[in-house]
Amino acid sequence: MTIDEFETVRPLLTISEPRIEAAYSSLVLGEVYQKVADRYGWSRQSVNETAALVLSVFDAYTLARQTELERQKGLLPDNWDVLTIEAPVDLIEKFVPEVLSRREAELESRPRCSPQVEKMVSVTAIEDSSVKVTKIRKTRTKKSDV
């Protein structure tokens with residue numbers, strides 16, 4: 001498990017800080033369970049169970065992200081996809097307006113009888129002067145809601 005993967009699931013863990021540290025030592029730093037167990041005064045099995053718990057949380061998180069991505073892709077037209085990218089702000093500032101322009105053109109070309117479609121581009125600033133496009137998605141509203 002990488003440092004980033006572990007830090008991603010850390011807030012989701014409902015175990016004590018020493019157990020989190022033990023799992024980090026074994027899963028990220030690659031220490032053998034017995035060495036970690038000796039340091040904390042635990043059994044090797046206890047460290048193994050803690051590591052397994054963290055891995056199960058990570059697996060659930062990964063499955064949830066994949067499910068969300070598949071759902072988002074299912075809402076998009078055939079020629080659209082979901083993109084997550086980190087890039088310099090100046091490139092993002094060129095890219096986002098092009099996506100928005102293309103979106104408007106595709107919406108205008110749709111027959112009036114089709115459902116109204118809204119797409120959203122979420123842009124999140126990152127401290128090091130780059131921007132991360134996190135989602136391009138659309139939601140449909142029923143004719144009765146319009």
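Partly exposed denotes a relative accessible area between the buried limit, under 20%, and the exposed limit, over 50%. The model shown in these views is predicted.

**View 1. Trp 42 and Tyr 40 form a stacked aromatic pair.** With a relative accessible area of 21%, Trp 42 is partly exposed. Tyr 40 is likewise partly exposed, its relative accessible area being 25%. The ring centres of Tyr 40 and Trp 42 lie 4.7 Å apart and the ring planes meet at 20°; because planes under 30 degrees apart count as stacked, the pair is classed in this way.

**View 2. Helices H2 and H3 pack against each other.** Helix H2 spans residues 17–27 and helix H3 residues 33–40; their axes are 9 Å apart and form an angle of about 150°. Angles over 145 degrees count as roughly antiparallel, and H2 and H3 are therefore roughly antiparallel to each other. Their crossing is right-handed.

**View 3. Residues of H2 meet residues of H3.** From H2, the contact involves Pro 18, Glu 21, Ala 22, Ser 25 and Ser 26. Their counterparts in H3 are Tyr 33, Val 36, Arg 39 and Tyr 40. Of the residues in this contact, five are nonpolar, two polar and two charged.

**View 4. Phe 6 and Tyr 24 form an edge-to-face aromatic pair.** The whole structure contains two aromatic pairs. In the pair of Phe 6 and Tyr 24, the centres are 5.1 Å apart and the planes stand at 85°. Phe 6 belongs to helix H1 (residues 3–9) and Tyr 24 to helix H2, so the pair links parts 18 residues apart in sequence. Both Phe 6 and Tyr 24 are buried.

Note on methods:
Residues are numbered from 1 along each chain as its sequence is written. This is a predicted model: local features need pLDDT of at least 70, side-chain atom pairs count only at pLDDT 80 or more; totals for chains, interfaces and linings use all residues. Side-chain values use heavy atoms; hydrogens and water are left out. Axes are lines fitted to C-alpha atoms, for helices over the stretch in contact, and angles run from 0 to 180 degrees between N-to-C directions. Helices (H or I, at least four residues) and strands (E, at least two) are DSSP runs, numbered from the N terminus. Angles under 35 degrees count as roughly parallel, over 145 as roughly antiparallel, 65 to 115 as roughly perpendicular and the rest as oblique. A crossing is left-handed if the near helix is turned anticlockwise from the far one by less than a right angle, and right-handed if clockwise. Contact means heavy atoms within 4.5 Å. Ala, Val, Leu, Ile, Met, Phe, Trp, Tyr, Cys and Pro count as nonpolar, Asp, Glu, Lys and Arg as charged, and the others, Gly among them, as polar. Rings of Phe, Tyr and Trp (its six-membered ring) pair if their centres lie within 6.5 Å; planes under 30 degrees apart count as stacked, over 60 as edge-to-face and the rest as tilted. Buried means under 20% relative accessible area, exposed over 50%, partly exposed in between (1.4 Å probe, protein chains only).
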